[in-house]
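Okay, thanks everyone, let me put this one up on the screen. I'll go through the sheet and then the ligand.

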Amino acid sequence: MKRILLKLSGEALAGAKKTGFDEETVIAVSRQIRTIAEEGTQVGIVIGGGNFWRGRTSETINRNKADQIGMLATVMNCIYVSDICRYLGLETEIFTPFVCGAFTKLYSKDTVEEAFKAGKILFFAGGTGHPYFSTDTATVLRAVEIEAEAILLAKAVDGIYDSDPKVNPEAVKYDEISIEEVVDKKLAAMDLTASIMCLEQKMPMLVFGLEEENSIVNAVHGKFSGTK
Ligand code: UDP
């Protein structure tokens, strides 16, 4: 694959702790990123924020503000993973859709292309920059904008199932499924806004488990046991 958009959920960075960062987990993920980058794949990365915060409304906090905190959580995650990638010898750049002072660069298609040309791993932090969206939607948006060959969705669950495998032990995993079917059956791969955009833009997606050894590299190599 020439260019991919890798989506990591925030929780995936936390390992067994489920919150904050687990360094060992992030180093293992970053090593896989280095392998595919060294093989010539250009890598853009979106990271969720669930290990710190998920937008929520309450009596005391407005949804808009809660979502701003969520977006900033994704910036913290990108700074962390980007720096671990640097520790492993990679060059990186973090882009946000809003100004974050000297911490990140403001997203623009031209600057992104320059950074890819310079051989950098790119992080798209801050989601879409708007409340009421998710990092899934930001993933599809950035994948389409950077003309990625596919989205690689690395999740806690190892593919798309016909029902929640954590609740239903009889749940069956799909090897292949169309986005139309994902939308029709309201399957929990991505949120609906993101799925519809994937459908409209005909963006291919590979869904697999991050916990499986070498799963990111295997997905790029086509040795794949998740859902296409
Ligand atoms: N968020 C947002 N707009 C975006 C992307 C994210 O408001 O475009 C906020 C929202 O509050 C969300 C939080 O950031 O709950 C964390 O993102 P997400 O839940 O997608 O992270 P994940 O579940 O993948 O870790």
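Here's a quick walk through the fold and the ligand shell.

So, first off, this is a predicted model: local features need pLDDT of at least 70, side-chain atom pairs count only at pLDDT 80 or more, and totals for chains, interfaces and linings use all residues. Residues are numbered from 1 along each chain as its sequence is written.

The sheet is open, seven strands, parallel pairing, in the order 4-3-5-2-1-6-7. Strand 4 (105-106) and strand 7 (205-209) are the edges; each has a single partner strand, so one side of each has no neighbour in the sheet. By strands and helices I mean DSSP runs numbered from the N terminus, E of at least two residues for strands, H or I of at least four for helices. Strands pair if DSSP finds at least two bridges between them.

Over at strand 4, two bridges tie it in parallel to strand 3, residues 92-96, and Thr 96 sits opposite Leu 106. Helix 2 (residues 63-87) packs on the sheet, touching strand 2 (42-47), strand 3 and strand 5 (121-124). Contact there means C-beta atoms, placed from the backbone, within 7 Å. Helix 3, residues 109-117, also packs on the sheet, touching strands 2, 3, 4 and 5.

Now, what surrounds the ligand? 24 residues do, the closest being Gly 48, Gly 50, Gly 55, Gly 70 and Gly 127; the cut-off is a C-beta, placed from the backbone, within 6 Å. Helix 2 and helix 4 (135-145) are the elements giving two or more residues to that shell, and helix 2 has the largest share, six residues.

Definitions and conventions. Two residues are in contact if their C-beta atoms, placed from the backbone, lie within 7 Å. Axes are lines fitted to C-alpha atoms, for helices over the stretch in contact, and angles run from 0 to 180 degrees between N-to-C directions.
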